[in-house]
Amino acid sequence: MKKLNVGLIGYGFMGRAHSNAFRKVANFFDLEYQPVLKAICARDADKVKAFASKWGYESLETDWRKLLARDDIDLVDIACPNDMHKEIAIAAAKAGKMILCEKPLAMNGPEGLKMVEAVEKAKVPNMVWYNYRRVPAVALAKQLIDEGKLGRIFHYRAKFLQDWTISKDLPQGGAGLWRLDVKVAGSGVTGDLLAHCIDTALWLNGRLDTVNAMTETFIKQRKHNLTGKVEQVGIDDACAFLARFQNGSLATFESTRYARGHKALYTFEINGEHASIFWDLHDLHRLQYFEHRDEGRLRGWRTIHVTDGDHPYMDKWWVPGLQIGYEHSFVHQVADFLEGVAQGKPASPTFRDALETQYVCDAVLKSAKTNKWEKVKK
Ligand code: SOE
């Protein structure tokens with residue numbers, strides 16, 4: 001196996017999810033390349049040291065520019081807050097590194113476009129961590145749709161519901177809470193949660209043409225962790241939008257961090273001419289499927305336990321019937337990326353694919369302001 005040296009930037013929740021994937025992938029997949037945890041980089045020297053020792057990184061940096069200047073780093077993984085993505089990605093492309101970037105690609109479309117131009121100019125392999133595409137049940141949904149089992153698609157319905165920001169005493173900004181600070185996150189639930197729903201939707205059902213959205217910020221002011229002052233909240237706490245796909249189907253998307261009782265309820269349902277599909281992140285190893293062409297007396301929603309050897313990715317894990325979970329979607333994504341590197345074929349979503357999601361987010365946020373239908377930039 002050829003070694004591929006990884007330099008990870010950021011050690012939060014996503015830094016852990018990615019590190020775990022790099023460590024496990026070669027144990028389960030037969031690949032030409034094996035990731036090596038070469039260096040971890042973040043600003044806080046003590047924390048970065050602790051992270052390096054816990055996860056087995058060989059070295060550490062506290063300045064990402066130094067990481068990019070190193071000859072022994074092949075791949076840069078950007079897992080730090082959104083406002084840093086653009087600068088690091090462009091510099092990493094110029095340094096000729098392969099780049100993985102945490103979602104969303106950027107703060108907005110124009111930033112994302114510059115990142116796309118940089119990686120395409122440098123011709124470096126690149127991918128964005130929209131991990132839910134790699135949940136076997138979601139990948140199975142993609143197979144069924146591509147095989148034409150659903151026929152013409154009429155409806156797409158997606159939701160991503162959480163409840164962790166309801167308290168008005170929760171501050172904004174700083175480690176762990178930068179998602180509430182618009183200057184760092186770019187937007188609220190639109191870029192953080194709906195971006196996942198949009199990415200999956202574009203993958204499963206094609207391009208989105210137009211959107212009509214509403215957003216709300218329920219708590220207008222919060223103490224900022226870095227300044228210690230009470231400041232305006234600039235993110236969208238909740239967002240719902242209607243959309244039309246290029247294939248003529250109609251869609252509704254909803255996301256909030258104010259749905260008491262829901263921690264990470266990502267669901268989607270697709271209704272086609274012959275069949276329907278429903279998926280739920282809380283039950284991620286199952287796909288619900290309704291087939292109208294079944295014999296009438298037996299017709300009904302069936303629950304497919306997506307754990308058999310002929311289900312996507314499942315032959316790489318245990319024996320049929322034993323399920324896997326959230327962390328494995330990241331392992332699959334690294335496996336696909338490395339396979340792509342070996343074969344010279346980009347693994348999706350590339351930066352360019354993810355730019356499409358960014359453009360949908362931009363149109364959604366614009367529509368919430370103008371109160372009008374907005375076209376998605378192509
Ligand atoms: C937010 O709470 C969050 O962690 C997102 O940032 C992730 O992308 C999502 O997968 C789970 O929720």
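Predicted model: local features only at pLDDT ≥ 70, side-chain atom pairs only at ≥ 80, totals over all residues.
Residues are numbered from 1 along each chain as its sequence is written, and side-chain values use heavy atoms, with hydrogens and water left out.

**View 1. The surface of the chain.** Buried residues (under 20% relative accessible area, 1.4 Å probe, protein chains only) account for 55% of the 378 residues.

**View 2. The fold as a whole.** The chain has 10 helices and 17 strands, counted as DSSP runs (helices H or I, at least four residues; strands E, at least two) and numbered from the N terminus. Its C-alpha atoms fill a box of roughly 65 × 50 × 40 Å along the principal axes. Take contacts (heavy atoms within 4.5 Å) between residues at least 6 apart in sequence: 69% of these join residues at least 24 apart.

**View 3. His332 in helix H9.** Helix H9 spans residues 326–343 and holds His332. This His332 is buried, at a relative accessible area of 0%. Its side chain reaches the backbone oxygen of Arg134 at 2.9 Å.

**View 4. The neighbours of His332.** Setting aside residues within four places in sequence, His332 is in contact with Phe29, Arg134, Pro136, Tyr313, Trp317 and Ile324.

Notes: Buried < 20%, exposed > 50% of the residue type's maximum accessible area, 1.4 Å probe, protein only. Polar contact = N/O pair within 3.5 Å; in protein donor to acceptor, adjacent residues only side chain to side chain.
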